[in-house]
2 protein chains.
Amino acid sequence: MEIKLAKHYGFCYGVERAIDIAEQHPNSATFGPLIHNKDEIARLKQDFNVGLVENFEEAKEYDTIIIRTHGITKDAYKKLKADGKKIINATCPFVTKPQQIVSQMSKEDYTIVIFGDKNHPEIKGVASFGEEGKVFTVLSEEELIGLPLGPKVATVAQTTRKPHEFKKIVAALSVRVAELRVFNTICNATFENQDATRELASECDITIVVGGKNSSNNKQLYSIAKSICPDSYHIENESEVKKEWFENKECCGVSAGASTPDWIIQKVVKRIKELVG
Amino acid sequence: MEIKLAKHYGFCYGVERAIDIAEQHPNSATFGPLIHNKDEIARLKQDFNVGLVENFEEAKEYDTIIIRTHGITKDAYKKLKADGKKIINATCPFVTKPQQIVSQMSKEDYTIVIFGDKNHPEIKGVASFGEEGKVFTVLSEEELIGLPLGPKVATVAQTTRKPHEFKKIVAALSVRVAELRVFNTICNATFENQDATRELASECDITIVVGGKNSSNNKQLYSIAKSICPDSYHIENESEVKKEWFENKECCGVSAGASTPDWIIQKVVKRIKELVG
């Protein structure tokens with residue numbers, strides 16, 4: 001049986017950079033999970049003694065705090081500073097950008113419309129850079145109805161959103177306000193992995209998506225794979241691979257989301273080889 | 001037979017303003033037709049000796065030149081200035097606005113996309129305020145394909161375009177460039193007249209649209225009326241009204257585009273009353 005890797009898979013630029021930063025700061029802690037992959041977080045703890053804190057209380061035990069790839073709110077940043085922490089910023093540059101845009105546009109008196117999920121840490125962070133009461137987060141055109149937008153609006157998108165959905169928000173805003181500033185802050189990395197998984201699933205009779213099950217990124221890859229190749233599986237690591245999956249199969253595709261480290265993917269590939277003999 | 005006027009009809013703000021300006025400057029000439037209505041232009045000539053010149057050669061005979069409601073190009077303006085003319089600017093403020101936006105955005109290094117007809121005098125004027133080679137005028141999404149837009153784009157619309165078509169251009173641009181500035185420069189006056197004509201045509205069994213036949217504004221009103229009320233007519237003035245149109249009719253609707261003066265509409269109404277007795 002052939003084992004085939006997707007043309008694009010695994011770590012995006014921002015995740016790779018965040019892990020490099022974490023490895024360079026042993027004995028620190030990340031404020032919230034650095035990335036959506038608990039195996040990688042365990043490795044950073046074991047090999048570099050990089051801990052994980054979930055709140056300011058827990059942060060008290062550390063001198064150095066690393067900001068996660070998704071970023072944190074402006075207030076959380078200020079509080080950590082006030083608590084005397086040394087702050088290492090591992091926020092993905094593609095997330096820092098909408099934060100800066102929201103900050104600047106708010107100063108220039110634009111109302112902010114964020115296309116994204118208001119409960120996602122990235123968006124909580126981005127929204128916090130605007131002026132309270134003048135930032136609105138929406139996922140659909142319908143949610144724009146009745147919002148007190150004013151004549152000048154600036155809009156950004158969550159980095160992982162789909163461009164064709166962002167277009168709908170932009171179109172609706174464009175004829176509603178006198179001036180609209182559109183910053184396309186969607187990151188292509190997600191789509192490169194998605195396109196490659198689509199291609200891979202069409203070429204194989206079994207497809208395995210590797211990565212954290214709490215990552216929406218991996219869930220999307222799995223849903224794409226499954227829709228094309230019915231024998232698709234979403235696993236977190238090699239321990240979940242089952243021998244019976246490969247009976248009578250000719251080609252096994254392997255893909256992984258932006259938060260899945262290469263070493264886990266390699267272990268999965270090794271395990272498949274062992275099982276198919 | 002009842003004669004009913006549309007709830008909105010005739011002069012828009014910009015046209016009314018331009019005519020006021022012309023009346024205040026007798027013995028001058030407009031550079032190009034002040035508005036798209038030859039009867040009104042004839043009246044201005046007769047009552048106020050406001051002439052009409054089509055080029056710089058013809059302009060030589062006048063000390064004072066009035067800029068038409070649609071505006072002129074930046075170069076034409078400079079040339080008239082250089083020729084020592086006193087310039088009276090009757091450009092509609094809703095047209096001046098996109099001119100200023102294009103000028104400012106060009107200075108800030110944005111590529112300009114104008115949604116409009118490149119052969120329309122308004123758009124020739126607006127486009128001239130941008131930097132040569134960095135202004136593109138399109139009427140459809142397809143025309144955007146292959147344009148060297150660069151990362152920063154600003155877009156404006158011809159004042160008389162339809163918002164739902166502008167939205168399509170904006171949506172396409174929004175995910176193609178890093179930053180897009182959208183200025184909704186569409187003027188509502190056209191749509192107020194259109195909506196009112198739609199309502200009128202549905203209430204009457206004959207509809208008459210009054211106004212210059214070279215005005216796209218009037219053509220649109222006529223097309224709307226005709227689609228609802230089959231016995232619709234487009235006339236320039238009262239001389240075209242025919243008695244037989246009103247046989248067995250109960251209600252005659254009268255509407256007019258943004259460049260049709262009230263005195264022509266009143267003459268049409270008077271003529272209808274004479275004919276139906």
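1. Across the interface of chain A and chain B, 2 salt bridges are found, a salt bridge being a side-chain nitrogen of Lys or Arg within 4 Å of a carboxyl oxygen of Asp or Glu. One of the salt bridges joins the side chains of B:Glu179 and A:Arg181, at 2.8 Å from N to O. Between chain A and chain B there are also 10 residue pairs in polar contact, with both residues at pLDDT 80 or more. A polar contact is a pair of N or O atoms within 3.5 Å; within protein, one must be able to donate a hydrogen and the other to accept it, and residues adjacent in sequence count only if both atoms are side-chain atoms.

2. As to provenance, this is a predicted model, in which local features need pLDDT of at least 70 and side-chain atom pairs count only at pLDDT 80 or more, whereas totals for chains, interfaces and linings use all residues. Residues are numbered from 1 along each chain as its sequence is written, chains are lettered from A and ligands numbered from 1 in the order in which they are written, and side-chain values use heavy atoms, with hydrogens and water left out.

3. The contact between the chains draws 18 residues from chain A and 18 residues from chain B, where contact means heavy atoms within 4.5 Å. About 1,500 Å² is buried between chain A and chain B, with carbon and sulfur atoms giving 56% of that area; buried area is the accessible area (1.4 Å probe) that two parts lose on being put together, summed over both.

4. Which elements give two or more residues to the side of chain A that touches chain B? They are helix H7 (163-174) and strand S9 (179-183) of chain A, helices (H or I, at least four residues) and strands (E, at least two) being DSSP runs numbered from the N terminus. H7(A) supplies the largest share of that side, 7 residues. By class, the side of chain A that touches chain B has 12 nonpolar, 2 polar and 4 charged residues, with Ala, Val, Leu, Ile, Met, Phe, Trp, Tyr, Cys and Pro counted as nonpolar, Asp, Glu, Lys and Arg as charged, and the others, Gly among them, as polar.

5. Strand S9(A) is joined by 5 bridges to strand S9 (residues 179-183) of chain B, and the two run antiparallel; strands pair if DSSP finds at least two bridges between them. Within this pairing, A:Val182 has B:Leu180 in S9(B) as its bridge partner.

6. A:Asn184 is found in the loop between S9 and helix H8 (189-203) of chain A. With a relative accessible area of 17%, A:Asn184 is buried (buried means under 20% relative accessible area, exposed over 50%, partly exposed in between, with a 1.4 Å probe and protein chains only). The side chain of A:Asn184 reaches the backbone oxygen of B:Val175 at 3.3 Å, and, not counting residues up to four places away in sequence, A:Asn184 touches A:Phe166 as well as B:Ser174, B:Val175, B:Arg176, B:Val177 and B:Ala178.

7. Over all chains, the count comes to 32 salt bridges. In one of them, A:Lys270 and A:Glu274 have their closest N and O atoms 3.7 Å apart; the two residues are 4 residues apart in helix H10 (residues 262-276) of chain A, and so are separated by about one helical turn. A:Lys270 is exposed at 56% relative accessible area, while A:Glu274 is partly exposed at 45%.

8. B:Lys134 forms a salt bridge with B:Asp109, with 3.3 Å between the closest N and O atoms. B:Lys134 lies in the loop between helix H6 (121-128) and strand S7 (135-138) of chain B, and B:Asp109 in the loop between helix H5 (93-107) and strand S6 (111-115) of chain B, so the pair ties together parts that are 25 residues apart in sequence. B:Lys134 is partly exposed, with a relative accessible area of 24%, and B:Asp109 is partly exposed at 46%.

9. Buried or exposed: how does B:Ser259 count? At 6% relative accessibility, B:Ser259 counts as buried, and its place is in the loop between S12 and helix H10 (262-276) of chain B. The side chain of B:Ser259 reaches the backbone oxygen of B:His36 at 3.4 Å. Leaving aside neighbours within four places in sequence, the residues in contact with B:Ser259 include B:Phe11, B:Val15, B:Ile35 and B:Asn218.
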